[in-house]
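Here are a few notes to read alongside the model as you get to know it. Keep the structure open and take the points in order.

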Amino acid sequence: MSALAAPWPAAAADPQRGRRLAFEPMTDADLAAVCEVEKTAYAHPWSRRHFADSLASGYPAVMLLAEPLPGEVPNPPRADGRVLLGYLVAMPGVEEVHLLNITVAPAQQRQGWGRFLLDALVLWSRGQGAQWLWLEVRAGNEPARALYTRYGFQQVGLRRAYYPAGGLQREDAVVMSLDLAVPSAGAES
Ligand SMILES: CC(C)(COP(=O)(O)OP(=O)(O)OC[C@H]1O[C@@H](n2cnc3c(N)ncnc32)[C@H](O)[C@@H]1OP(=O)(O)O)[C@@H](O)C(=O)NCCC(=O)NCCS
């Protein structure tokens, strides 16, 4: 599978507010803003190096950008004045795609953007001929587990003490997958 051939939807309309949205590839120039969001969204954020390595590996990485709403001040600021709603990074494999990072900026959460990003990833993955989407999620990450479960992902495993959790603590990873061959996979349940 080639990340370069990735057919991400280039633009869309905000289903609730009608403003223009765009999926754009993440580049090194975006990493300062992405890392700013990342630090506010996680207790254990990815470092700039994580993102840079993913980009250098050619992994698909996209940002979801929006025109600001009236009175909205983009935070972090962007030269083009748009708002960074969220982003995702994935790793293509043989007939599968592994979701490595999906993040919605804290001020934008619970407005459907996580689901919107997953919809785009499902479309992209099917376009690459993938049959499965895989991910790991911290056992204690209730919002993310709720998103994935509601979306149709099934728990298929548990990796004990997979994630660092501060000091000497570790946290389990729940392994989840979505069968893309099921036509309704990703449809709202
Ligand atoms: C997980 C995350 C991506 C969800 O994004 P989001 O845009 O807030 O999610 P959505 O608004 O699309 O929510 C879709 C559904 O997921 C579930 N959900 C999302 N956030 C939830 C929360 N805080 N509590 C309970 N359920 C939640 C709900 O079922 C929700 O549907 P509803 O709003 O109609 O009830 C976001 O919380 C986030 O970026 N968290 C920090 C980073 C992170 O943990 N990423 C995942 C790493 S594995």
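1. A word on terms comes before anything else: helices (H or I, at least four residues) and strands (E, at least two) are DSSP runs, numbered from the N terminus. Residues are numbered from 1 along each chain as its sequence is written. Please remember that this is a predicted model, in which local features need pLDDT of at least 70, side-chain atom pairs count only at pLDDT 80 or more, and totals for chains, interfaces and linings use all residues.

2. Let's begin with helix 3. After this helix comes Gly129, which has a positive phi, near 85°. The helix covers residues 113-127, and its 15 residues should span 21 Å at 1.5 Å a residue; the end C-alpha atoms are 21 Å apart, which agrees. (The expected span is 1.5 Å times one less than the number of residues.)

3. Which residues of helix 3 are buried? They are Trp113, Gly114, Leu117, Leu118, Leu121, Val122, Trp124 and Ser125. Here buried means that 20 or more other C-beta atoms, placed from the backbone, lie within 10 Å of the residue's own. Their cover includes strand 3 (61-66), strand 4 (83-92), strand 5 (96-104), strand 6 (132-138) and helix 4 (142-151), where contact means C-beta atoms, placed from the backbone, within 7 Å.

4. Now the sheet: it is open, with 8 strands in the order 1-2-3-4-5-6-8-7 and mixed pairing. Strands count as paired if DSSP finds at least two bridges between them. Strand 1 (11-13) and strand 7 (154-164) stand at the edges with a single partner strand each, so one side of each has no neighbour in the sheet. From one strand to the next, the twist averages 25°, with axes fitted to C-alpha atoms (for helices over the stretch in contact) and angles from 0 to 180 degrees between N-to-C directions.

5. Strand 1 and strand 2 make a hairpin with 6 residues between them, and Gly18 in the turn has a positive phi of about 80°. These two strands run antiparallel, joined by 3 bridges; Ala13 has Arg20 in strand 2 as its bridge partner. Strand 2 (residues 20-25) is also antiparallel to strand 3, with 5 bridges between them. Within that pair, Ala22 is opposite Leu65, and Pro25 is partnered with Val62.

6. Finally, look at the ligand. It is surrounded by 20 residues, the closest being Gln109, Gly114, Pro143, Ala146 and Leu147; a residue is near if its C-beta atom, placed from the backbone, lies within 6 Å. Strand 5, helix 3 and helix 4 each give two or more residues to this shell, and helix 4 supplies the largest share, 6 residues.

How values were computed. Buried ≥ 20, exposed ≤ 12 C-beta atoms within 10 Å, placed from the backbone. Contact = placed C-beta atoms within 7 Å.
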